[in-house]
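This briefing concerns one predicted protein model with its ligands. Please consult the sequence and structure below before reading the points that follow.

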Amino acid sequence: MSAFPAAAPIGFSTSASLERSRLARRLRTVLKGEVRFDAYTRGRYATDASIYQQMPIGVVTPADEEDLTAVIELAAELKVPLLSRGAGTSQCGQTVGESLVIDFSRNLNRLIALDPDARQVEVQPGMVLDHLNAQLKPHGLWFPVDVSTSAQATLGGMAGNNSCGSRSIAYGNMVHNVLAADAILSDGTREHFGPFGEHAARSLSSARTSALVSRLHEIGARERDEIERLWPKVMRRVGGYNLDVFHPQSERPYTPDGSVNLSHLLVGSEGTLAVFRRLHLKLSPLPGARVLGVVNFPDFHAAMASAQHLVGLGPVAVELVDRTMIDLARLNPAFRPVIDAALVRRDGGWPQAVLLVEFAGDDRAAITRKLHQLVELVSDRLGLPGAVVQLTDERAQKALWEVRKAGLNIMMSLRGDGKPVSFIEDCAVPLEHLAEYTDRLTEVFRRHGTRGTWYAHASVGTLHVRPILDMRAEGPTGGAARMRAIAEEAAELVRRFKGAFSGEHGDGLVRSEWVGWQYGPRITRAFEEIKDLFDPAGLLNPGKIIRSTKMDDRSLFRYRPGYAIAPVRTGLDWSAWNVHNDPATETMSAPGTGGDPAGGFGKAVEMCNNNGHCRKFDAGTMCPSFRVTADEQHLTRGRANTLRLALSGQLRDGALVSAEMTETMALCVSCKGCRRECPTGVDMARMKLETLHQLRQVKAPSAREQLIARLPRYAGAAGHVAPLLNAVARMPGSGWLREKLLGLSARRSLPRWEREPFTRQPDARKTHGAGREVVLWADTFNNHFEAENLRAARRVLEAAGLRVQVARPVADDAEPGRALCCGRTFLSAGLLDEARVELRRTLAALEPFVSRGIPVVGLEPSCLLTLRDEALVLGLGEVAEQVAASAQLFEEFLAKELAAGTLALPLQTQAGLRFKVHGHCHQKAFDALTPVHAVLARIPGAAVEAIESSCCGMAGAFGYEAEHFDLSMKMAELSLLPAVRAAADDVVIVADGTSCRHQIHDGTGREAQHVARVLDACLYHR
Ligand SMILES: Cc1cc2nc3c(=O)[nH]c(=O)nc-3n(C[C@H](O)[C@H](O)[C@H](O)COP(=O)(O)OP(=O)(O)OC[C@H]3O[C@@H](n4cnc5c(N)ncnc54)[C@H](O)[C@@H]3O)c2cc1C
Ligand code: SF4
Ligand code: SF4
């Protein structure tokens, strides 16, 4: 057992804390990489996508393999438990423990060697699956264990869990695709574990591993009969250790030549036997074509009963989407047409379930024949003529797969304390029993007052289902008690049908106690022997797979007994999260009725279930600060965890307004990417705003924050001396001075002040055009720095036949001469009261228009969308709701009206004109980017293309701040700036965000245009 004292629950207990400091000091002397032992960092590594939480001793991020060896050797010397971690997306608590966490994902993530001819690759374990596959694609290869978390999951974590993808029926699990592993044992011994023949033990690198391997062979031989008797006869079995390497059970042996590959014993060992230093993987050719048959079933049981027949056709995937998911998907306007196109209505009703049956291969004719056979089978054998929708277009197929993924996300976004809990989510049963198993388990849920939604891998009898439970509720009807009761009944079913209790996600904390149940005492003892041979001191991920704790040990829960959110007087209204849901009756209290508005803040923060989806680098925005730092601290999940720990009093007093919290939030650029892309809708930009507000209660803003926040207040006066200000900004040495005095980067250009802001120009006072009315609202940035954009917008609206009025302060406004503002700059500094002052002026000015049904149109996404977002949670009353309902971006308004045929724009043909569009993050967050494309596409002859970009990195003031300049440019260099540079000179770059245009200018020297300017330039009769 470890001599290291168990870490204190959370915080700063004495002796453990002292031990930690000593260990941290020793580590710092030997490591090049980061060593973090502060409570905030430990808290960020205390959870994974399971229901558990344990504070680790500390976190190390090895800089290289030498560092990794050094950590393990030091841990062996000091008897410190170790926990290897990739992306931390495990659902069973595998990466939760009171150990020293080794984060592989940041630095140990390289492709070491690729041999395309041999179809083999050698990687470091922290490499993310999608990153590997991106490098393999040009060679026509891929690593086919396509887990849903492919954008986050590391190959080390996948090997640790023996992960399985949607297409496992064709390609197998991790264990079928790992060729060898270079691993380090807990005493620092290094070994290459691969295939071993009869006398292979002799070729091992040390007496220690030779002896180890010989003993393993002996155990394997000794337990042969027991393996034969007890091993689940399903391909999806990932519980315990893969002792069956010595006596393969399935039709798909791990090693086709009959040799024993000891790396396969390490696969699925959840970091308890050895630490992977490198993995050698088998690659597969990328199929040249795919076709998809969507089989519609009038009842769920029939779908389940048919799976066994469908797999006979040799598909690469058979995936279930049940009626609940169909309904959820149909609620989403973007998904509705996609799912509808795959459904067959019978007698006016939607199907109760669909199975997505995919065939893949290089011979399109052959897979098309398979698709036809599927149609025949469904019609003749299953008696469902016309029930298959055939999708041969790959884009349509991709869209449908996206819907399947999104269904889970919608399910996970359930608000309230009852949440879908993963603990029997992946039991696997033989296909012939699938229908009966699902029927009976549904009945079990009903009896326990809950329900579950079924989806996923019908091909291999592993269906995902998560009953909804409230894990904070105590007593016999509480979440823990119901989890235990349901698990026991589910286990009985699994036993009856000779299945595997753990069929995909591993053991961890939730299922290790079931290993003994599944394999019996003799095999469990063999597992313990194996563990002791590899790791005699018990230092590697203790308590997982063997010698485990109980699944319902509430002291290990994230919401452990006594967990409570401390009351906070919030600046924003969080009542929308304060809901109560009742899984049994499927009812939910209306938002705002569950208690005080502030209580919802904690619940909003708790929406993060740690699934790790924000650790993404692919398309989309979330999360730019993580994309450039790869640091858990600067990730949506890291921030949400820090907030949750602070709000529930698990960090020190005052944690919410501490320097560490400020640092945690510092790189969040409030892009709102998470608001849209986080599956559970964590809106960190709003949480940052609340946190800043809390900070403001104890700390005044700095001079720089004041200068930026008060811009709308002095902008009018500044305009009067615009030429002077513009000249000073360009004087040599002014940048240096600016940086020294205010911390505004000398490397950043400053915007040019308009001599005459738009709202002061004489014709802004007049009403223009004829016809229907529209009110143009001038934001601070366009008004004072790019007034021509507003003039252009007005001309376009007039040309469309509208009567344009410019919003002005009401007559009794305290500062009638000062332009209106949304309060954005004040919000960014956490000055909510000041923001309210600005918003009240604007709402008062707009109210007379919106009360007459006149639409409000604005140009700057972050400003206009403030009216639809923050303005609604600042307690501004009904008028805020009315304005939000009318406020539209210029292009949103035009696109909608043009599509409805209520407006027409006289646009000249622009043959060959090409646009590349960069979307502002808030446009993307509010689904307001498509209208830009729609209106540009109205220009005859023009071609419009999207720039696949995340945040531009400028993010209001962020890019001006000297300490953030480099990060800001890094964010821009991820995709936006290279795409702009790659665009030919005659391509027009369109960007509606002031900050985005500025960043494009500073980074490439090119001038991007607001869409209003583009349309204006293309108008007839200008
Ligand atoms: C929404 C969602 C969907 C999911 N879908 C799937 C799915 O389709 N299929 C599936 O199989 N799983 C799925 N999972 C579970 C999880 O994503 C996978 O198991 C994934 O492969 C884990 O990768 P990771 O990098 O996050 O590993 P982690 O969670 O960080 O680690 C997993 C295990 O590997 C060990 N480990 C990590 N690195 C090393 C190393 N270098 N040496 C030794 N041990 C190591 C850890 O100690 C741990 O025990 C899903 C999870 C979520 C939240
Ligand atoms: S913030 Fe959202 S995406 Fe990130 S881990 Fe939490 S729930 Fe998942
Ligand atoms: S608002 Fe943007 S930067 Fe902040 S956490 Fe969300 S995605 Fe990341």
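The residues of the shell around ligand 2 divide into 5 nonpolar, 7 polar and 1 charged; here Ala, Val, Leu, Ile, Met, Phe, Trp, Tyr, Cys and Pro count as nonpolar, Asp, Glu, Lys and Arg as charged, and the others, Gly among them, as polar. The model is predicted, with local features needing pLDDT of at least 70 and side-chain atom pairs counting only at pLDDT 80 or more, while totals for chains, interfaces and linings use all residues. Residues are numbered from 1 along each chain as its sequence is written, chains are lettered from A and ligands numbered from 1 in the order in which they are written, and side-chain values use heavy atoms, with hydrogens and water left out.

**Ligand surroundings**

- Around ligand 2 there are 13 residues, of which Cys608, Asn611, Gly612, Cys614 and Cys678 come nearest; a residue is near a molecule or strand if one of its heavy atoms lies within 4 Å of it.
- Ligand 1 has 35 residues around it, the closest being Ser84, Gly86, Thr89, Ser90 and Cys164.
- An oxygen atom of ligand 1 lies 2.6 Å from a backbone N or O atom of Ser84.
- A polar backbone atom of Gly86 is 2.7 Å from an oxygen atom of ligand 1, and a backbone N or O atom of Ala87 lies 2.9 Å from an oxygen atom of ligand 1.

- Among the buried residues of helix 32 are Leu832, Arg836, Leu839, Leu846 and Phe849; buried means under 20% relative accessible area, exposed over 50%, partly exposed in between (1.4 Å probe, protein chains only).
- Helix 32 (residues 832-850) has a kink of about 25° at Ala844, shortly before the proline Pro848; the bend at a residue is the angle between axes fitted to the seven residues ending there and the seven starting there.

- Arg686 lies in helix 24 (residues 684-696) and counts as buried, at 10% relative accessibility.
- The side chains of Arg686 and Asp869 make a polar contact (2.5 Å); a polar contact is a pair of N or O atoms within 3.5 Å, where within protein one must be able to donate a hydrogen and the other to accept it, and residues adjacent in sequence count only if both atoms are side-chain atoms.
- Asp299 caps the N-terminal end of helix 10, with a side-chain oxygen 3.4 Å from the backbone nitrogen of His301.
- Buried residues of helix 10 (residues 300-310) include Phe300, Ala303 and Leu310.

**Cysteines**

- A search of the whole structure finds 0 disulfides, a disulfide being a pair of cysteine sulfur atoms within 2.5 Å.
- Cys822 is in no disulfide, and the nearest cysteine sulfur, that of Cys863, is 3.9 Å away; Cys822 is buried at 2% relative accessibility.
- Cys952 is buried, with a relative accessible area of 3%, and its sulfur is too far for a bond from the closest cysteine sulfur, in Cys996, at 4.0 Å.

Terms used
Helices (H or I, at least four residues) and strands (E, at least two) are DSSP runs, numbered from the N terminus.
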